[in-house]
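Reader: I have a chain open here and would like to go through it with you. Can we start with the overall picture and then go into the details?

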Amino acid sequence: MALTVSTNLSSMIVQRNLNAATNSLDKAIERMSTGYRINHAGDNAAGFSIATDWKTKLGSIDVASQNAAMGLDMLTTAEENYALLTSHIQRVRDLTEQAANGTYGSVSLVAIRAEIQARLDEVDRIASGTEYNGVSLMSGSGTELKLQVGITSDSNISQITLDADMFKGASSITLIKKSDGSAASDNKEIAKECTGVSIDNAGVTTYTAANNKATAMLAKIDAALTEISARVTKLGSAQNKVESAISSLDTQSQNITSSLSTLRDTDVASESSAYIQAQILQQASATLLSTANQLPSVALNLI
């Protein structure tokens, strides 16, 4: 290599290597400090694109999981309130069966009637007040509900349809028919059918000793209990579907997270070695640069 004053090729070579070592050191620091070996598209264009797509899917899976969890809570709310309805209607049945027995006098029947109506009023209160996040669960709206538990637009894959029958009206006059099979106008009429005791708006009580209707009402109350049982069965089936969807989403999330980690995360052991190597090269280059910068002065000795 020629000894020149105007051009210091040795210094240029050392500077280039110093810059390369510094860049390698900076990249190693960035990777270890962020925990990712792909921080920019330039690090790995294909890998960056794949990682971005997977992160988007993970976000969508999280939302779908929340949707499914809320759906499960909604179904559980409906089931628990149907259990309350069952307890009240079962008590109405017990009281009706008592009223059908000829050993009860008018005073007892009036007391039985009062409890029956109180139970029926509570059925109506529960039915009208049962809701989840603003969605009425016993309103009888007649529309099915759909749960978005997937990340695609394909309703067959990503949605669970909840049968409208699970959310039909659940008031006492909707569930319990009169002894002749017709619908009652109010709870007073049902209570009268169950006990043979009627109380008009003026508070006048009329007592019918021979209460054949009470016996017939047992079958109507049983039909109401059967209807509730059928709805709860559908709720249970829907709960199983939602729980399965949650399990599937958890598996998807775990698999994508594992793949994303393999693609994107920093191998700290490997990056630490690269950091030490770059640091040594940087220090060596810095030392050699000082020497290389002195080479043109050697030419002065020849003048």
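Reader: What percentage of the 303 residues of the chain count as buried?

Author: 33% of them count as buried, where buried means under 20% relative accessible area, exposed over 50% and partly exposed in between, with a 1.4 Å probe and protein chains only. This is a predicted model, so local features need pLDDT of at least 70, side-chain atom pairs count only at pLDDT 80 or more, and totals for chains, interfaces and linings use all residues. Residues are numbered from 1 along each chain as its sequence is written, and side-chain values use heavy atoms, with hydrogens and water left out.

Reader: What is the radius of gyration of the chain?

Author: The chain has 40 Å, whereas a compact globule of 303 residues would have a value near 19 Å. The radius is taken over C-alpha atoms, and the globule rule is 2.2 Å times the number of residues to the power 0.38. Along its principal axes the C-alpha trace spans about 140 × 35 × 30 Å.

Reader: How many helices and strands are there?

Author: Nine helices and six strands. Both are DSSP runs numbered from the N terminus: helices are H or I with at least four residues, strands are E with at least two.

Reader: Now the core. Which residues have the most contacts inside the largest one?

Author: Leu85, Ile89, Ile116, Leu162, Leu175 and Ile176, in a nonpolar core of 44 residues. Such a core is a set of buried Ala, Val, Leu, Ile, Met, Phe, Trp, Tyr and Cys residues joined through side-chain atoms within 4.5 Å. At least two residues each come from α2 (45–99), α3 (106–129), β4 (159–162), α6 (187–195) and α7 (212–264). The largest share is that of α2, with eleven residues.

Reader: And what is Leu162 in contact with?

Author: Met74, Leu75, Glu144, Leu145, Leu147, Phe167 and Ala238, leaving aside neighbours within four places in sequence. Contact means heavy atoms within 4.5 Å. There is also a second, separate core of nine residues, including Ile38, Leu58, Ile61 and Leu260.

Reader: Which residues does Leu263 touch?

Author: With residues up to four places away in sequence left out, Leu263 touches Arg37, Ile38, Gly47, Ile50, Ala51 and Trp54. Leu263 also lies in helix α7 and counts as buried, at 17% relative accessibility. The C-alpha atoms of Leu263 and Ser106 are separated by 82 Å.

Reader: Switching to α6. Which of its residues are buried?

Author: Asn187, Ile190, Ala191, Glu193, Cys194 and Thr195. What covers them includes α2, α3, α5 (172–175), β5 (197–199) and α7.

Reader: What follows α6?

Author: Gly196, whose phi is positive, near 80°.

Reader: Where is Asn133?

Author: In the loop between β1 (131–132) and β2 (135–136). Asn133 has a positive phi of about 55° although it is not a glycine. With a relative accessible area of 63%, Asn133 is exposed.

Reader: Last one: what sits over the ring of Tyr36?

Author: The charged end of Arg264, 4.0 Å from the ring centre. The criterion is NZ of Lys or CZ of Arg within 6 Å of the ring centre and within 35 degrees of the ring normal.
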